[in-house]
Amino acid sequence: MPEVAEWERVLLPDIEKNETEWLAAYLKKGGYDVARKALDMEPESIVAQVKESGLRGRGGAGFPTGMKWSFLPKGAFPRYLAINADESEPGTCKDRPLMEQRPHTLIEGIICSCLAIESETAFIYIRGEYYKSAKVMEKAVAEAYAEGFLGANIFGREGKRVDIVVHRGAGAYICGEETALLTSLEGYRGYPKLKPPFPAISGLYGKPTIINNVETIINVPYILKNGAEWFKKWVHERTTGLRLYSVSGHVRKPGVYELPPTVTLKELIHDYCGGIRNGHDLKFVIPGGSSVPWLKPDQIDIPMSHEGVAAAGSMLGSSAVMVCDHTVCPVWALGNLSHFYKHESCGQCTPCREGSSWLYKIVRRIEAGGGQPGDLDTLYSLAGEGTPGSGMISGKSICALGDAAAWPVGSAIKQFREEFEEHIETGKCPYRERKTSYWMANGGFVNESFDGMPVP
Amino acid sequence: MTAMPEILKDDAEEIERLIGKYPSRRSAMLPLLWIVQRRAGWVSQGAMEEVAGILGVTVAEVYEVVSFYTMFQQKPVGRFHIALCDTLSCAICGTHEIAAYLAEKHGIEMRKVTGDGLFSMEPVECIGACANAPALLLNEDLVGDLTPAGIDAMIEECRRKAGATAAAAR
Ligand SMILES: Cc1cc2nc3c(=O)[nH]c(=O)nc-3n(C[C@H](O)[C@H](O)[C@H](O)COP(=O)(O)O)c2cc1C
Ligand code: SF4
């Protein structure tokens with residue numbers, strides 16, 4: 001196995017140490033100099049630099065950040081900035097180390113971004129499960145207030161104000177969807193809203209609002225400091241900058257890896273993460289968070305950029321790579337993910353609420369040996385081919401959770417059709433028979449017996 | 001009708017500070033419910049009445065929120081509540097073994113509170129600890145890279161803490 005050389009890391013150079021960089025340490029290395037510099041810049045020129053860098057959202061959709069910022073209606077105030085730290089797409093675990101290790105870089109990013117979009121108030125919406133992240137951010141924000149970096153007249157500059165509110169969610173995947181995040185922040189159930197109007201026009205409390213992921217915003221001070229060209233050193237087609245890949249599952253060294261978008265999925269798995277554990281074979285990879293189409297072992301020699309992964313028929317999403325070895329039954333894995341979406345559907349739209357539940361029940365039935373001859377057709381008619389708009393759910397509901405529930409289904413069946421058919425024809429799961437692992441031998445997952453689902 | 005604060009009777013100052021952070025009073029809903037849960041361990045009908053009174057909304061509106069977010073407990077749980085992640089990355093790395101180990105070795109079973117009221121456990125969806133699978137939340141703390149030895153140490157630490165409070169109360 002080739003050893004990988006130490007590579008350049010910017011956002012999380014010492015991730016292994018897992019230490020918080022508090023204010024004193026941050027100031028020692030020139031922290032908040034960029035925010036001071038940004039105070040002397042015209043908002044438009046900050047936006048222009050971010051545009052020029054090609055920075056795209058790290059939350060999943062990869063929307064160009066500078067362009068999003070320029071959608072704000074002229075002269076409409078107040079405006080809000082909401083930082084999406086809900087990080088709940090399964091497989092994704094990179095915003096947590098950013099907040100817990102580099103809270104002040106995030107705050108500096110927020111200050112620069114607020115200056116760019118002329119907002120005086122930012123909210124950091126942190127998922128409820130990340131209690132430590134919230135505590136670290138609270139403390140760092142208090143440090144910044146005490147120094148006069150936040151609040152009224154920041155850095156002693158008359159009339160310049162930035163306030164940051166740290167807000168905790170309480171366990172709901174859907175609150176990562178931007179409009180749901182805002183309704184949740186207003187103190188309601190996290191229900192998404194139909195777009196348009198887009199939040200940039202009418203968002204939090206009906207005011208123009210920009211929503212950006214933690215990793216997106218933390219890149220801003222580096223871009224302002226080093227310039228757009230520096231950021232574009234790392235480039236594959238229209239994907240620029242280093243990014244954080246969360247790798248989980250059956251690799252020897254799971255973790256969060258900061259790498260350029262030219263790194264291939266194969267290098268990521270085999271070189272950086274040490275390959276598949278226990279000398280097992282790779283079965284399939286989910287390259288961008290649980291909602292994206294699956295890739296087989298012969299499809300992983302692709303650059304991990306938006307374009308590279310799209311060319312292979314999947315999506316980069318939140319750059320969360322989930323790796324499954326040959327002990328994992330694809331029908332079971334799909335059942336696990338379908339359970340997730342069924343559980344997390346907010347319930348507003350019938351296609352998503354009922355559809356995600358049907359998908360789960362049918363997939364689980366097949367896995368448990370009770371599959372019916374027409375089941376795959378039924379799944380296809382519900383979930384479509386794994387492409388936007390196909391099937392009875394995708395594109396027919398308020399937000400993209402419906403799509404996210406449907407996409408893995410079409411792709412899993414396409415990739416492993418024979419195995420789905422074998423389950424249905426033989427009425428059993430060969431992985432359970434072979435006892436490929438403890439959980440597979442015992443079937444199902446710990447959630448299952450509480451769903452009231454008859455398991456044959 | 002405004003309920004006299006009971007659970008939140010010592011938090012008036014903190015609550016006003018929280019409410020003051022937001023452009024709208026109602027935005028303090030989740031923060032207030034978090035205080036309730038920290039104080040009482042779960043969110044009771046009485047607690048919802050208190051929160052409704054403070055925020056000037058109906059109890060139904062508070063209940064609507066409480067029932068939406070999975071981390072708010074609607075029934076009493078153990079003093080140490082375990083939320084075991086069962087989504088793909090954790091599930092393929094041993095959630096099931098951990099659940100079985102907790103039950104067999106420590107008598108902690110899914111969706112039950114132990115007889116001494118110390119422990120309870122529920123399965124949850126992804127908690128964002130995927131690279132440290134399998135993982136769980138012990139009350140509000142993330143515990144990852146679970147092994148049988150790690151579980152033993154974690155449970156022992158809980159028992160030690162419980163013993164210490166009992167001794168202090170005596
Ligand atoms: C169901 C659903 C869940 C989402 N979850 C998250 C999340 O946990 N974190 C996140 O940053 N974006 C999430 N998004 C994307 C957000 O809606 C939004 O696009 C993003 O926060 C914008 O920030 P960015 O442009 O910086 O990426 C989710 C979207 C959907 C449809
Ligand atoms: S698509 Fe699903 S999650 Fe999104 S609003 Fe509709 S029901 Fe809710």
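Analyst: A term is needed at the start: a residue counts as buried under 20% relative accessible area, as exposed over 50%, and as partly exposed in between. The model is predicted. By that cut-off A:E421 is partly exposed, because its relative accessible area is 31%. A:E421 belongs to helix α17 of chain A, residues 417-426.

Now the interface. On the side of chain B, 46 residues are in contact with 63 residues of chain A. The size of an interface is often given as the accessible area lost when the parts come together. Here the area buried between chain B and chain A comes to about 4500 Å², and carbon and sulfur atoms give 61% of that.

As for specific pairs, the rule finds one salt bridge across the interface of chain B and chain A. A:R168 and B:E140 form a salt bridge, with 2.9 Å between the closest N and O atoms. On chain B, the elements that give two or more residues to the side touching chain A are α2 (29-40), α4 (59-66), α5 (88-91), α6 (95-106) and β4 (141-143). The residues of that side divide into 26 nonpolar, 10 polar and 10 charged.

Of these elements, α2(B) can be followed in more detail. Its 12 residues reach 16 Å from first C-alpha to last, close to the 16 Å expected at 1.5 Å a residue. Nine of the 12 residues are buried, so α2(B) is largely enclosed by the rest of the structure. The buried residues of α2(B) include B:M29, B:L33, B:W34 and B:Q37. The cover over the buried residues of α2(B) includes parts of both chains: β2 (121-126), β3 (163-168) and α8 (178-185) of chain A, and α1 (12-20), α3 (45-55) and α4 of chain B. After α2(B) comes B:G41, with a positive phi near 85°.

A helix of chain A can be read in the same terms. α6(A), residues 103-117, has 15 residues and should span 21 Å at 1.5 Å a residue; its end C-alpha atoms are 21 Å apart, which agrees. α6(A) is mostly covered, with 15 of its 15 residues buried. Just after α6(A), A:E118 takes a positive phi of about 55°.

How values were computed:
Residues are numbered from 1 along each chain as its sequence is written. Chains are lettered from A and ligands numbered from 1 in the order in which they are written. This is a predicted model: local features need pLDDT of at least 70, side-chain atom pairs count only at pLDDT 80 or more; totals for chains, interfaces and linings use all residues. Side-chain values use heavy atoms; hydrogens and water are left out. Helices (H or I, at least four residues) and strands (E, at least two) are DSSP runs, numbered from the N terminus. Buried means under 20% relative accessible area, exposed over 50%, partly exposed in between (1.4 Å probe, protein chains only). Contact means heavy atoms within 4.5 Å. Buried area is the accessible area (1.4 Å probe) that two parts lose on being put together, summed over both. A salt bridge is a side-chain nitrogen of Lys or Arg within 4 Å of a carboxyl oxygen of Asp or Glu. Ala, Val, Leu, Ile, Met, Phe, Trp, Tyr, Cys and Pro count as nonpolar, Asp, Glu, Lys and Arg as charged, and the others, Gly among them, as polar. The expected span of a helix is 1.5 Å times one less than its number of residues.
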